Amino acid sequence: MENSQQPCNRMDWDKLGYNVIPTDYMYIMKSNEDGTFSNGALVPFGTIQIEPHSSVLNYGQGLFEGMKAYRRPDGEVQLFRPEENALRMQRGAERLLMVAPSVEQYTEAVKQVVAANKSWVPPYGKGALYIRPLLFGSGSVMGIAPAPECTFLIYANPICNVYKGRTSALNLLIDDRLPRAFPGGTGGVKNIGNYSPVFEVTKEAKAKGFSDVLFLDAMQRKYVEEVSSCNAFIVKGNVITTSPTLGTILPGITRNSIMQLGRDLGFQVEERKFSVDELLEADEVFCTGTAVGISEVGSVTYKKNRVEFKTGRDTVTQKLYDFITGIQTGVLEDQRGWVVKID
């Protein structure tokens with residue numbers, strides 16, 4: 001009989017990629033009439049029923065989060081800063097007029113999902129269990145209005161350590177035709193509608209051999225904002241810089257963690273606007289996010305001008321990567337209380 005605490009022996013973990021792999025359980029909880037959540041439960045993974053009149057289907061009223069569960073070298077499993085994802089979901093729900101679970105409800109639900117799917121957490125060094133919490137307007141409405149009921153759902157999927165099978169540094173294209181987000185919009189929350197509008201431009205970039213698109217600000221088209229699904233950083237000497245989250249840039253949990261860890265390592269960390277010209281003069285460029293982790297950028301192309309950046313072992317990016325992944329996987333001591341172990 002397979003031990004549910006150990007990695008699933010039916011999986012060839014060396015061949016793990018970035019594909020859809022249904023796990024055993026998911027979690028569902030619906031809001032009450034008074035705007036609170038209760039009676040959430042684990043259920044077998046499967047399809048869900050949703051009303052055609054639901055606000056999420058008609059008006060895109062929904063949010064998602066992204067997290068990972070990591071297996072330590074000793075076989076135990078842990079999460080990284082789950083309360084920050086809960087708080088970010090609450091901020092997004094306020095923006096979209098949805099009720100949201102409390103931080104305690106959120107983190108407890110995530111822990112239940114990981115514990116129930118513990119055999120799907122890859123062995124140490126082989127990947128992670130990606131966790132996808134969703135919050136959406138499931139109640140029925142006629143006319144443009146927020147849903148009277150919201151559903152909180154969590155599922156999980158094992159993925160490899162390398163984002164979408166990539167084995168080399170990112171090669172980004174700056175496309176100044178289409179901004180990712182506009183001031184006053186929803187670029188600063190994980191709104192489900194933020195991502196499909198950039199499908200076309202990223203598809204075009206990948207057809208040309210680029211890894212992804214780096215977007216600029218909507219007003220002046222000169223300041224670096226973020227990549228389609230991750231935050232961007234530049235390194236110049238001892239200074240690490242990233243753009244401020246002023247409503248158009250997602251406040252990433254990995255982003256915030258890297259800023260703190262960079263200071264721990266003795267670097268000067270700045271949060272300010274920086275232009276394309278400044279980026280092209282940087283020593284290093286890297287991206288951060290739950291899915292991408294910390295990914296070094298090998299080159300950026302802007303108006304047919306391709307600039308290459310330092311990559312490899314002897315880089316600031318690698319030091320930060322080793323530091324944060326060491327904490328996430330239990331190799332390094334967590335001195336900030338960021339890690340939550342799954343019993």
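Is Thr254 buried or exposed, and at what relative accessibility?

Author: In this predicted model, Thr254 has a relative accessibility of 7% and therefore counts as buried, the cut-off being under 20%. The residue belongs to helix H5, which spans residues 253–264. Apart from neighbours within four places in sequence, Thr254 is in contact with Thr288, Gly289, Thr290, Gly293 and Ile324.

A further buried position is Lys190, with a relative accessibility of 12%. An unreviewed UniProt entry lists Lys190 under "modified residue: N6-(pyridoxal phosphate)lysine". Lys190 is placed in the loop between strand E8 (170–174) and helix H4 (199–207). When residues up to four places away in sequence are not counted, Lys190 touches Gly62, Leu63, Phe64, Glu65, Gly66, Arg88, Tyr195 and Leu250.

Leu63 leads on to the largest nonpolar core, which has 35 residues; Leu63 is among those with the most contacts inside this core, as are Val110, Val114, Ile131, Leu135, Phe152 and Ile154. At least two core residues each come from strands E1 (25–31), E4 (67–71), E5 (77–80), E6 (128–137) and E7 (150–159), and from helices H2 (82–95) and H3 (103–116). H3 gives the largest share, 6 residues. Ile131 touches, among others, Val110, Val114 and Ile154, as well as Glu65 and Gly66, with residues up to four places away in sequence not counted. A second, separate core has 23 residues, including Leu172, Ala232, Ile234 and Cys287.

Note on methods: Residues are numbered from 1 along each chain as its sequence is written. This is a predicted model: local features need pLDDT of at least 70, side-chain atom pairs count only at pLDDT 80 or more; totals for chains, interfaces and linings use all residues. Side-chain values use heavy atoms; hydrogens and water are left out. A nonpolar core is a set of buried Ala, Val, Leu, Ile, Met, Phe, Trp, Tyr and Cys residues joined through side-chain atoms within 4.5 Å. Buried means under 20% relative accessible area, exposed over 50%, partly exposed in between (1.4 Å probe, protein chains only). Helices (H or I, at least four residues) and strands (E, at least two) are DSSP runs, numbered from the N terminus. Contact means heavy atoms within 4.5 Å. UniProt positions are given in the numbering used here, feature names are shortened, and annotations may be inferred rather than shown by experiment.
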